[in-house]
Amino acid sequence: MSFQIHVAGSEFSFPCGGEETILDAALKAGIELPYSCRKGVCGNCAAKVNGGEVSRGIVNAEAVPEGQELLCQCRPLGNLEIAPSSWRLIEPGARQRLKAKVFRHTLAAPDVSVLQLRLPAGQRARFRAGQYLQVLLADGSRRAYSMANAPHESDGIQLHIRHVAGGQFTQQLSSLQSGDELEVELPFGQVAIDPGASSPLVCVCGGTGFAPVKSLLDDLSKRRSAREIALVWGGRDRQGLYMREHVGRWQRSLPGLHFLAAIEDANDAIEMQAFHGRVDAALATVAIDVDCTDVYCCGAPPMVNAVKTMCLQQLGMVPERFHSDVFAPGPAP
Ligand SMILES: Cc1cc2nc3c(=O)[nH]c(=O)nc-3n(C[C@H](O)[C@H](O)[C@H](O)COP(=O)(O)OP(=O)(O)OC[C@H]3O[C@@H](n4cnc5c(N)ncnc54)[C@H](O)[C@@H]3O)c2cc1C
C-alpha cells in the first residue's frame, strides 16, 4: 500500500509505501530533507506531521522535539503532510558511486587511521563540507564516514576512521594498504552550514568528529572567510586532538578563529594549557550570542546530546541554529 506525503507550503507530494520511512521515500523522490544519522539518534530529521497517523521505529526520545516526529524512523499509515524545517530538490545524478583506491594509509593517533583515497582518472568527488560517504562492504552492508578534505580538493577523499574493537569494517583497517580498492557512494547528509554566511560560527567536535569540522574550516580558509569562529575540540587526552597542526594553519588564514582545547586527562590538560574537562563544559566558557550564532557539533552521540542540551536548554538557542552530525555506531541504513 502506498500513501501520498505532501510537503507543507509547496506543490510537492511524493509516494511512500507503508513499509518505507518518510525520509527514505522523500530522498527516493528527489526531495532532500534535513537528516544525518538515519538511525533515530541525532534528531536532525524532526518535523511536524499533520493530518495523518504514523508508525514509529526506535528513537532516542531526547532527540524528538515535542509535537514532532523523526522522519527517518516513521512510516505513514495514511496520506499526510510534513512540515520540515527546510527542504530542497536534489539535482538528478547528484549521488556518485565510485571505486576509490587507497593512496595513503597513516595513523594520526594509535586508534585513528587517516585514509587518503584517489578517484579513478577524470572523476571528481562532488560534496559539500560536512557531508559523508558510505563505504560498501562485501556483505552488502555500509558504513558512513565524513569527508575530512574540503570540497575543492575533489580529486581525492580523506577519511579519519577510529578503530572499533571487533568492528566489522574498522578491524580490517590494519591490513588496508596503498592500491587497495574501496567502493564508496557519496554524498550523504544535509548539514545546513552556509559557508558563505558572515554570522558567527561555533564548531564543537570530539574524536573523529574532527573530520567534517576540518572539511568546513579548510573550506572557509579557501574562501578567506572573515567570520568569527570558535573551534572547541575535545579529547580524553592529548592524542584525542590528532592533527593539531591544522589549527595553527587556520589561525593564520582565518583572522576570526578562536581555538579552545578541552582535555579530560588532568596532566595533559595542564601541559597543553587546555581547558580541563568535557567539551560541553568548555563550551560554557565561550561567549555566544545565541540570536545570531550557528553551532555545528560533531562526534559520538553522548557528546552531541550533551552539547545540544546545553545550547538549546541552557543557552536558549533556537533548534534551527544547532546543526549536528552524530556518529551513531553500526551499519548505515
Ligand atoms: C553520519 C555518520 C558519519 C560517520 N562518520 C564517521 C567518521 O568520519 N569517522 C569514524 O571513525 N566513524 C564515523 N561514523 C561511524 C562509522 O559509520 C561506523 O559506525 C564505525 O566506524 C564502526 O564500524 P565497524 O564496522 O568497525 O563496526 P560495527 O561492526 O558496525 O560495530 C561493531 C560493534 O561495535 C559497536 N560500535 C561501533 N562503533 C562504536 C563506537 N564508536 N563506540 C562504541 N561502540 C561502537 C557497534 O554498536 C557494534 O556493537 C559515522 C557514522 C555516521 C552515522
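1. The buried residues of helix H6 pack against strand E16, helix H5 (279-283), strand E20 (294-299) and strand E21 (322-326); here two residues are in contact if their C-beta atoms, placed from the backbone, lie within 7 Å. Helices (H or I, at least four residues) and strands (E, at least two) are DSSP runs, numbered from the N terminus. This is a predicted model, in which local features need pLDDT of at least 70 and side-chain atom pairs count only at pLDDT 80 or more, while totals for chains, interfaces and linings use all residues. Residues are numbered from 1 along each chain as its sequence is written.

2. Helix H6 covers residues 301-314, and its 14 residues reach 19 Å from the first C-alpha to the last, close to the 20 Å expected at 1.5 Å a residue, where the expected span is 1.5 Å times one less than the number of residues. Met303, Val304, Asn305, Val307, Lys308 and Cys311 of H6 are buried; a residue is called buried if 20 or more other C-beta atoms, placed from the backbone, lie within 10 Å of its own, exposed if 12 or fewer, and partly exposed in between. Just after H6, Gly316 takes a positive phi of about 75°.

3. Gly206 belongs to strand E16 (residues 201-206) and is buried, with 28 other C-beta atoms within 10 Å. Leaving aside neighbours within four places in sequence, Gly206 is in contact with Gly234, Gly235, Val279, Gly299, Ala300 and Met303.

4. Elsewhere, five strands form an open sheet with mixed pairing, in the order E2-E1-E8-E4-E6, two strands being paired if DSSP finds at least two bridges between them. Strand E2 (13-17) and strand E6 (69-70) stand at the edges with a single partner strand each, so one side of each is left without a neighbour in the sheet. Strand E1 (residues 2-7) and strand E8 (residues 80-83) pair in the parallel sense over three bridges, and Ile5 stands opposite Leu80 in E8.
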